[in-house]
Amino acid sequence: MEELLVFVVMLLHLYVCPYTKVEESFNMQAMHDILHHNINISQYDHLEFPGVVPRTFLGPLTISVSAAPWIRIVSMATSSKLIHQFIVRAVLGLVVGMSFVSFCRAVMNRLGRGVKIWLIVTTITQFHFMFYMSRPLPNVFALALVLQALTAWLKQQHGAFVWWSGAAVVIFRSELMLFLGLIIISELWSRRLPLKTFFFNIIPAGLIMLGLTICVDSFFWRQWLWPEGQVFWYNTILNKSAKWGTLPFLWYFYSAIPKALSFSILLLPVGLYLNRQVWTLIWPAATFVFLYSFLPHKELRFVIYVFPVFNVAIACALSRLWQNRTKSPVQHLLSLYAVALLVCNVIITGGFLYVSHHNYPGGVAMDTLHQIEHDVHVNVHIDVFTAQTGVTRFAQRNAHWRYDKTEDLVAGGPEMNKFSHLMIGGVTRDELDIYKNSHHIIFEVEAFDRITFNLKHLPPLKVVIKPKLWILKRNVQ
């Protein structure tokens with residue numbers, strides 16, 4: 001029963017936030033193109049918008065093939081492609097969810113059923129892991145493999161561990177060599193992993209995974225390449241990722257991880273104290289985060305792999321406190337305190353989910369335009385802000401319309417005036433006056449702006465929503 005909750009909560013997050021952002025664009029467009037253009041590569045989005053570095057098609061290809069039968073069935077009832085986006089994301093969430101459940105079962109074999117139950121309960125009350133489960137990011141594709149690798153490690157299935165690790169590192173996220181490599185070094189040092197077994201698996205795993213990604217991705221990209229190799233060179237060797245912002249060295253420890261683990265992080269040291277077995281799990285995860293902190297560009301999703309690991313220690317604390325709740329009044333109060341932390345998790349998760357729901361104005365605008373405009377001859381321009389906040393090819397639901405994402409067009413210029421509709425965001429309403437002679441506003445999309453704090457109000461926190469994006473239509477001549 002508790003395992004089913006993982007999938008229910010994942011689908012709830014997906015339902016509330018069905019749109020995606022620019023970081024997910026490549027994989028989302030790739031899944032659309034695989035499903036709708038098959039091997040007609042000339043129609044693929046990545047040839048027009050390749051991104052900064054190439055990404056692998058192996059993740060989108062796997063999910064698309066798995067989702068295709070469901071999409072075929074749904075297509076018999078509706079012609080809307082937006083439901084296809086929901087399906088591919090749900091399939092990805094199911095894949096990650098199954099890997100997480102496998103990890104939980106392996107934890108149960110080592111630490112008991114009580115720890116497994118509390119591990120699941122803790123995780124589903126936290127926002128970020130459940131929110132990202134269905135989001136088509138390279139980190140999330142890698143997450144499914146990392147969880148399988150950790151499962152194999154806990155079961156002492158070293159061959160399987162090496163193969164899962166090789167797939168995660170070579171195909172999706174090269175920095176995982178730090179995390180999974182630390183585990184391999186530990187196993188080799190303790191002699192639980194014989195050198196013969198290690199080399200017998202690591203060499204074929206590396207060669208096969210490298211050959212697989214080069215062959216598949218060279219076909220889709222129309223040139224010989226190893227995508228993750230280029231990503232590693234660009235981000236790590238050249239440190240070009242710093243262009244997208246840098247954060248302090250300890251940011252993962254004082255911001256990202258506490259935010260992801262929410263209030264239940266207060267039980268992390270308790271779990272480490274009560275059950276020394278979890279130290280074996282925690283130290284590679286913590287060391288990985290420390291080493292990865294040397295890279296200046298930081299994002300929470302870059303260390304998402306460690307959240308379930310840290311939750312094991314939290315689950316150990318919850319399990320022990322719950323088991324001892326009847327032994328004394330103090331133990332009873334401690335157990336209530338622990339459960340209250342999870343309730344606080346749920347409350348803060350609800351807040352995050354509310355904010356996230358209002359954080360995709362581009363997706364809302366595209367959906368709205370299809371609902372209010374029934375003209376066959378629509379030529380809509382999608383600006384950068386709109387494209388980055390929810391617009392995908394799945395959202396382009398009318399085969400007769402023309403969708404244009406050309407960048408750097410002059411605002412109010414003749415090229416913009418030729419479009420029947422404009423989607424413009426990231427500006428003030430006053431800045432739209434430049435279009436008043438050619439277009440008029442037919443809809444405005446409100447989105448998340450900021451959170452204000454005022455002790456005179458209850459609750460003291462207020463989420464401010466304001467117009468962020470406008471749909472304009474050409475004036476009748």
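Colleague: What makes strand 4 and strand 5 a pair in this model?

Modeller: In this predicted model, strand 4 and strand 5 (residues 461-474) are joined by 13 bridges in the antiparallel sense. Pairing requires at least two bridges, so the two strands count as paired. Within this pairing, Ile451 stands opposite Val463 in strand 5.

Colleague: What is the order of the strands in the open sheet?

Modeller: The open sheet has five strands in the order 2-1-3-5-4, and its pairing is mixed.

Colleague: Why are strand 2 and strand 4 said to stand at the edges?

Modeller: Strand 2 (402-404) and strand 4 (439-453) each have a single partner strand, so one side of each lacks a neighbour in the sheet. On average, neighbouring strands of this sheet are turned by 20° against each other, direction ignored.

Colleague: Why is Phe294 called exposed?

Modeller: The relative accessible area of Phe294 is 55%. The term exposed applies over 50%, and therefore Phe294 qualifies. Phe294 lies in the loop between helix 14 and helix 15 (307-323).

Colleague: Which residues form the nonpolar patch on the surface?

Modeller: The patch is formed by Phe249, Leu250, Phe253, Tyr254, Phe290, Leu291 and Phe294, which together have about 670 Å² of accessible area. Helix 12 (251-261) and helix 14 (279-292) are the elements that give two or more residues to this patch.

Colleague: Why does Arg191 count as exposed, and where does Arg191 lie?

Modeller: Arg191 has a relative accessibility of 74%, and the cut-off for exposed is over 50%, so Arg191 counts as exposed. Arg191 lies in the loop between helix 9 (176-190) and helix 10 (195-221). Phi of Arg191 is near 70°, a positive value in a residue other than glycine.

Colleague: Why is Asn239 called partly exposed?

Modeller: The relative accessibility of Asn239 is 31%. Buried means under 20% and exposed over 50%, with partly exposed in between, so Asn239 is partly exposed. Asn239 is found in the loop between helix 11 (227-237) and helix 12, and has a positive phi of about 55° although it is not a glycine.

Definitions and conventions: Residues are numbered from 1 along each chain as its sequence is written. This is a predicted model: local features need pLDDT of at least 70, side-chain atom pairs count only at pLDDT 80 or more; totals for chains, interfaces and linings use all residues. Side-chain values use heavy atoms; hydrogens and water are left out. Patches are made of residues with over 30% relative accessible area and no salt bridge: like charges are joined within 9 Å, nonpolar side chains (Val, Leu, Ile, Met, Phe, Trp, Tyr) within 5 Å. Accessible areas come from the Shrake-Rupley method with a 1.4 Å probe; for residues, only the protein chains shown count as cover. A salt bridge is a side-chain nitrogen of Lys or Arg within 4 Å of a carboxyl oxygen of Asp or Glu. Helices (H or I, at least four residues) and strands (E, at least two) are DSSP runs, numbered from the N terminus. Buried means under 20% relative accessible area, exposed over 50%, partly exposed in between (1.4 Å probe, protein chains only). Axes are lines fitted to C-alpha atoms, for helices over the stretch in contact, and angles run from 0 to 180 degrees between N-to-C directions.
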